[in-house]
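I set out to record what I looked up in this structure, entry by entry.

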Amino acid sequence: MAETEKYDRADREILAAMGKPGRLYLLVLAFTVTLVASGFLCWYHQYRVGLGVAGYTHPVNWAVYITNFVFWVGIAHSGTLISAVLYLFRARFRTSFNRPAEAMTVFALMVAGLFPLIHLGRPWVFYYLFPYPNQRQLWVNFRSPLIWDVFAVGTYFTVSVVFFYVGLIPDLAIVRRCKEGIRKTIYSVLSLGWEGTRRQWRHYNMLYLFLAAFATPLVASVHSVVSWDFAMSILPGWHTTIFAPYFVAGAIFSGTAMVITLVVPMRKILVLDRYITDDHFESIAKILLFTSLIVSYAYVVETGLAWYGGNVFEIELFRYRAWGHYKALFWTMITCNSLVPLTLFARRLRRNIAYLFCVSLLVNVGMWVERFVIIVSSLARDFDPYVWDTQMYRPTFVEVGITLGSFGMFFTLYLIFLKTLPVLSITEIKEHL
Amino acid sequence: MAKPMIFHEKEEFLKTLRRLVREGVAKERIRVITPFSVAEVEEILPRMPSHVQVFALAGAASGTVGGFAFTILSTLSWPLIVGGKPIVSIPPFIIIAFALTILFGALSTFLGFLLLSRLPSIRRIRSVEEYGNAFVITVEPEEAK
Amino acid sequence: MKGFPGQGSGLVGMCVLAGVLVALTQFGPIAKDGASLLLALLFWATVIEGCVAAVAAGTLIKARWVASVKRELLSVYPLLLFVSILFLFLVPFVDSYPWAGRRGLWFDKKFFVGRNFALLLLAYLSARRFSLASERGEEGEKVLAALYLFVFVASQSLMAFDWVMSLMYPWISTLLGGYFFIESLFGGFALSGILYVFLYGRQQRVGEPEGRSDMKDLAILLFGFSLLWAGLFYSQFLVIWYGNIPEEVSFLVTRLSSSPLRELTVSIVFFYFFIPFLVLLPGRSKTNPYVVFAVSLSVLLGILVERFVFVAPVVTPSPLALGIDFLVLLVLFVFFVAKRGGGRRVLGKVQGRS
């Protein structure tokens, strides 16, 4: 067929996803919106009554909310890896994933950004976190890792939104062509009047290259900064130098699993097999396997060195992690993060999409549990044996509700994205057709 | 306005473009519209590298300098004597400066792109000539001197 | 330059001679203890393993990074056997480690020597297997590359934890293992840069027809790795600095409190990060062979100085012994690389494309 017919077909097939929502879509959307609503209700309850409704018990004063924060920021990293880092490596297979991955990044960051506020207990004083001249004569403490978070995650969110939007501009021009009326106006405004002239493409390519170059160090640095929330303390199990690369690898690991979780059903339901092939999934599976190995390495090194160093508190903490109150969670974590992904060494399993989907679900669970285990176990077994075993920390319905609400919010945003924006990067796919 | 030549095959389009250049048509008069970025166009009609990179460098540099200046000067003006670290402690300030380098670099690059591409273009937002997935060459008529 | 002892027996003879020389230095009056040999091994084991790892990593990802100098890089794998045997010369030195005599399997001297020797030997064997497969272009090349990389990670991690970190027992840094194998990879790429310049000089070999030149790819890799290294260095430094707990901070304090160690420690950051980063930032320098050569040299110098700074506050290497050990390995390295290329393609004379 003539070349332009191929491109027209790509436009049609990919933009078909933006058609009228079917019954399945509305059902799933209703479910996720319900989750969001219940999450907000729980938050409102906490807002009225106080942080006591979360299960905090001395010395565990950081728990599910921080777990969720770290989890969602981690999810975001994989999107940037696929868009920016793989672009710099000139990896072809990225073009079928990068739009959903970038969307995932932006939405995950939006969800993650709520959690410091929820965790604050008094969210109405959130503005204390921002550095601006004020009549209280107080500046933020730049030496605190919590402020580094503000800068790092804030930068990451801004740059991700810009990167997402920039990637969308040529595609929005395509959508503008296919719509009428008020929708046409909206997409015309959003696409800034993009035409595709030589000058525009020249500047665009350079812009994209630079944004990718800027976003790449963010992948490593933002989750390093988040890990330093913990590593800057002196708690056993938290104060360890490997945290930065370990958390970054873990972030890419959980984010890649989330990409698989999102894209497998999307490909099936929207019939995008021509553009997202099994080869693409195999490449993503390799990234999953590789990051799983790094995470396992970190587990081994941390535990091994705790024993080697002879510090009684470190040794007790690692014993507690494996055999203490949270041992069920610990072994879930080991199984889901270290053992199950090992099966991906087999090529047949890497190309089995249903199996990949199951593995990705397990990894999502395993990584959430890993954050929980790291945070809560180190707090529960610190240097003061008097408070060990006084009362085991258990999440309450408020925390569970808010966690479910966060998942609901993420999927709601994603579902809305599916209907309003081109779900794959049409322009980049056309380049390689 | 000259009549645009519309192509539905990339190779035809590139052949015509090469022919025009060979015939000595001034490069500034050739306007090209493509549905996606075609690397060969840059080879046939070469120009100086895009000045977007100037914006990038300027933004990043201002971020680094600004990050350090902001943190150092504000901690000197309103010192918070907590934590046992020096008031002006460079290791943590590196993180802040790094974040601001990336932030200002990215934002200024984007701004540079908008300025250099003359976007958003109000005229085009209101009505734009849609060529779909075709490749278009327009040769502007020569200016009467 | 013809007439190299190109064939196997000549090289084996050289290795034996070199081994005897090192043994004489080590057990004779020149070296007071094993510190010089330790330092020389720390540098060369890292760099040699890194050379093979650079090729293995490229093979796994199907990247062309070091394709032009692949054969030269892989040709040095026999030196890993030599290094393993040299490691055995350090056995008497193990007694002067601070943990010597502690109870526990991990601190058993025989287990210590055994595990490190075994890993070095394993690195040699897997490097050999991979190298031969790579030369013949065998099917199972990628599996063997992965296998070598596993052994490489284990070997480098143990080198970090056992050889270096335990010198300062009970100081711990969980990052040190990862730090060492990234530095090793970095060293491998730096050595590729040097080999590339020696072999191809100003000639730019190009990958695909519209692809970047191989030298530019190498330059970008060096640039990226300098950033990666800086991130890891900073992670370790920040955690230790911020926690400020005496048992950890002693590591930094002994190395930053007085000249000349202080200047040497600061220079490490320049050799590994500032010089490669700032010099390779502009696009033009990425295709300039002299620049890439200088940057590669800077990185290798950084490795050497850093290993020295790790070891120096605890045991002092004797300069003469260090020089002899280092030069012996350098000469062997050059001979192994030269042999790979054959007589004709040595030190700048390129006989057309190959």
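Entry 1: I worked from a predicted model. I began with Trp72(A) and set aside its neighbours within four places in sequence. Trp72(A) is then in contact with Ala108(A), Val111(A), Ala112(A), Phe115(A), Met258(A), Ser406(A), Phe407(A) and Phe410(A). I next looked up the largest nonpolar core, which has 299 residues. Trp72(A), Trp228(A), Trp163(C) and Leu176(C) are the residues with the most contacts inside it. A second core is separate and comprises 17 residues, including Phe7(B), Val32(B), Val41(B) and Ile137(B).

**Entry 2: α3(A) against α4(A).** I asked how helix α3 (residues 64-88) of chain A and helix α4 (residues 98-120) of chain A are arranged. Their axes come within 7 Å and cross at roughly 160 degrees. An angle over 145 degrees counts as roughly antiparallel, and α3(A) and α4(A) are therefore roughly antiparallel to each other. The crossing in which α3(A) passes α4(A) is left-handed. I noted the classes of residue in this contact: 17 are nonpolar, eight polar and one charged.

**Entry 3: α3(A) against α14(A).** I then turned to helix α14 (residues 397-420) of chain A, whose axis comes within 10 Å of that of α3(A). The two axes cross at roughly 20 degrees. Angles under 35 degrees count as roughly parallel, so α3(A) and α14(A) are roughly parallel to each other. α3(A) passes α14(A) in a right-handed crossing. From α3(A), the residues Val64(A), Tyr65(A), Asn68(A), Phe71(A) and Trp72(A) take part in the contact. They meet Val398(A), Glu399(A), Ile402(A), Thr403(A), Ser406(A), Phe407(A) and Phe410(A) of α14(A). By class I recorded eight nonpolar, three polar and one charged.

**Entry 4: Val32(B).** I located Val32(B) in strand β2 (residues 30-33) of chain B. Is Val32(B) buried or exposed? Its relative accessible area is 3%, and since buried means under 20%, Val32(B) is buried. Not counting residues up to four places away in sequence, Val32(B) touches residues of chains A and B. They are Gly196(A), Thr197(A), Arg198(A), Phe13(B), Leu17(B), Leu45(B) and Val136(B). I also checked Val32(B) against Pro49(B): they are 17 residues apart in sequence, and their C-alpha atoms are 17 Å apart.

**Entry 5: Trp307(A).** I found Trp307(A) in helix α9 (residues 278-309) of chain A. Its relative accessibility is 52%; because exposed means over 50%, Trp307(A) counts as exposed. Trp307(A) and Arg319(A) are 12 residues apart in sequence, with a C-alpha to C-alpha distance of 9.8 Å.

**Entry 6: cis peptide bonds.** I noted a cis peptide bond between His58(A) and Pro59(A), with omega about 5 degrees. Pro59(A) belongs to the loop between α2 (23-49) and α3 of chain A. Ser259(C) and Pro260(C) are also joined by a cis peptide bond, with omega about -5 degrees. I placed Pro260(C) in the loop between α9 (246-256) and α10 (261-280) of chain C.

**Entry 7: positive phi.** Leu192(A), a residue other than glycine, has a positive phi near 60 degrees. Leu192(A) lies in the loop between α6 (181-190) and α7 (198-231) of chain A and, at 10% relative accessibility, counts as buried. Asn244(C) is not a glycine, yet its phi is positive at about 60 degrees. I found Asn244(C) in the loop between α8 (214-243) and α9 of chain C; at 47% relative accessibility, Asn244(C) counts as partly exposed.

How values were computed
Residues are numbered from 1 along each chain as its sequence is written. Chains are lettered from A and ligands numbered from 1 in the order in which they are written. This is a predicted model: local features need pLDDT of at least 70, side-chain atom pairs count only at pLDDT 80 or more; totals for chains, interfaces and linings use all residues. Side-chain values use heavy atoms; hydrogens and water are left out. A nonpolar core is a set of buried Ala, Val, Leu, Ile, Met, Phe, Trp, Tyr and Cys residues joined through side-chain atoms within 4.5 Å. Buried means under 20% relative accessible area, exposed over 50%, partly exposed in between (1.4 Å probe, protein chains only). Contact means heavy atoms within 4.5 Å. Axes are lines fitted to C-alpha atoms, for helices over the stretch in contact, and angles run from 0 to 180 degrees between N-to-C directions. Helices (H or I, at least four residues) and strands (E, at least two) are DSSP runs, numbered from the N terminus. Angles under 35 degrees count as roughly parallel, over 145 as roughly antiparallel, 65 to 115 as roughly perpendicular and the rest as oblique. A crossing is left-handed if the near helix is turned anticlockwise from the far one by less than a right angle, and right-handed if clockwise. Ala, Val, Leu, Ile, Met, Phe, Trp, Tyr, Cys and Pro count as nonpolar, Asp, Glu, Lys and Arg as charged, and the others, Gly among them, as polar.
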